[in-house]
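Thanks for coming. I will take one structure and go through a helix contact, a cavity and an aromatic pair.

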Amino acid sequence: MSSEVFSYESLVHAVAGAVGSVTAMTVFFPLDTARLRLQVDEKRKAKSTPAILAEIVKEEGLLAPYRGWFPVICSLCCSNFVYFYCFHSLKASWLRGQKSAPGSDLLIGIAAGIVNVLVTTPLWVVNTRLKLQGANFRNADIRPTSYTGILDAFVEIVRGEGVGALWNGTFPSLLLVLNPAVQFMIYEGLKRQLRRGAHTELSSVEVFLIGAVAKAVATTITYPLQTIQSILRFGQLKETTDKSQLLTSLRTIKCLLINRVRKYGVLGLFKGLEAKLLQTVLTAALMFLLYEKIANSTFRVMGLNKSVYNRR
């Protein structure tokens, strides 16, 4: 068990996933900026992604679409390292050399997602605050912040809001473990179908396309919860004094969803989906492509190529 959890193979998968995701996010980062503005700034009109980015550049400067890049990249690197490591180490422990199936991929993905959420949520709370700092919001109720960096944001959030604020949005994040779980289930399933039992590498185009399809399905299914997650991480809601944190979280999610629908209709739950799909699908597709290439090259150099393919 321990040899499967603490293995070079899991480490290679984790490093490859982290490097691939950081590179892909850097390329498509402005699209994520447009998505986040549409999610948290309710009074900003929903426009096409290029129009939103043009507004941001005009009002805030040429580099504004890359505001908060460093904390996001740090969070993403840690998050994907944890997720890929947990996913592949749990998969090796569970399957023990047997072929995987969609059901097992989904369960393993959920387990890896839960670990990832509990470990990395504070990083995502901080990077959401930093990314939106200095933005020109249409909603006058949003309070401005003035953090000087990642460490200062950690300190100020703990000092002003308490340690628990670092885990704002944890409950919807736990529900959202279905996103990467569904993504990995579809990705691994499509990969098995394309290989049809042959232990060979997929082409770059095949990897890119199945990565895009997997992420598009997972994102569309879970997008309303992603919007609520962003709002909670931004920390602009009035706190409740309910004794039960679980009931408070459930009530908050329910109220936010209902209010969103009342104000903007059902489509309001999907405000910013175009920007999110454009960003996340392209990012995930490029990430999976880089991940596969890095992992396969490393395994080949280590002389593990054949045995690894038999277990993937």
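Let me start with two helices, H5, which covers residues 102-132, and H6, which covers residues 150-161. Their axes come within 10 Å and cross at roughly 100°. Keep in mind that this is a predicted model. An angle from 65 to 115 degrees counts as roughly perpendicular, and H5 and H6 are therefore roughly perpendicular to each other.

Which residues meet there? On the H5 side they are Pro122, Leu123, Val125, Val126, Arg129 and Leu130. On the H6 side they are Ile150, Ala153, Phe154, Ile157 and Glu161. By type, the residues of this contact between H5 and H6 are nine nonpolar and two charged, with no polar ones.

Next, the empty space. In general, rolling a probe the size of a water molecule over the atoms shows where such space is left. Here the structure holds two cavities of 30 Å³ or more. The largest cavity contains about 920 Å³ of space. It is lined by 39 residues, and those closest to its centre are Leu76, Ser79, Trp124, Lys215 and Lys276.

Which helix gives the most to that lining? The answer is H5, with nine residues. The lining of the largest cavity divides into 14 nonpolar, 19 polar and six charged residues.

Last, the aromatic rings. How many aromatic pairs does a search of the whole structure find? It finds 11. One of them is formed by Phe84 and Tyr291, with 4.8 Å from centre to centre and 55° between the planes, and this pair is tilted. Phe84 sits in helix H4 and Tyr291 in helix H11, so the pair ties together parts that are 207 residues apart in sequence.

Methods. Residues are numbered from 1 along each chain as its sequence is written. This is a predicted model: local features need pLDDT of at least 70, side-chain atom pairs count only at pLDDT 80 or more; totals for chains, interfaces and linings use all residues. Side-chain values use heavy atoms; hydrogens and water are left out. Axes are lines fitted to C-alpha atoms, for helices over the stretch in contact, and angles run from 0 to 180 degrees between N-to-C directions. Helices (H or I, at least four residues) and strands (E, at least two) are DSSP runs, numbered from the N terminus. Angles under 35 degrees count as roughly parallel, over 145 as roughly antiparallel, 65 to 115 as roughly perpendicular and the rest as oblique. Contact means heavy atoms within 4.5 Å. Ala, Val, Leu, Ile, Met, Phe, Trp, Tyr, Cys and Pro count as nonpolar, Asp, Glu, Lys and Arg as charged, and the others, Gly among them, as polar. On a 1 Å grid over the protein atoms alone, a cavity is a set of points where a 1.4 Å probe fits but cannot get out, and a pocket is an open set with protein on both sides within 12 Å along at least five of seven lines; lining residues have an atom within 4 Å of a point. Grid points are joined across faces, edges and corners, and a volume is the space filled by probe spheres set on the points. Rings of Phe, Tyr and Trp (its six-membered ring) pair if their centres lie within 6.5 Å; planes under 30 degrees apart count as stacked, over 60 as edge-to-face and the rest as tilted.
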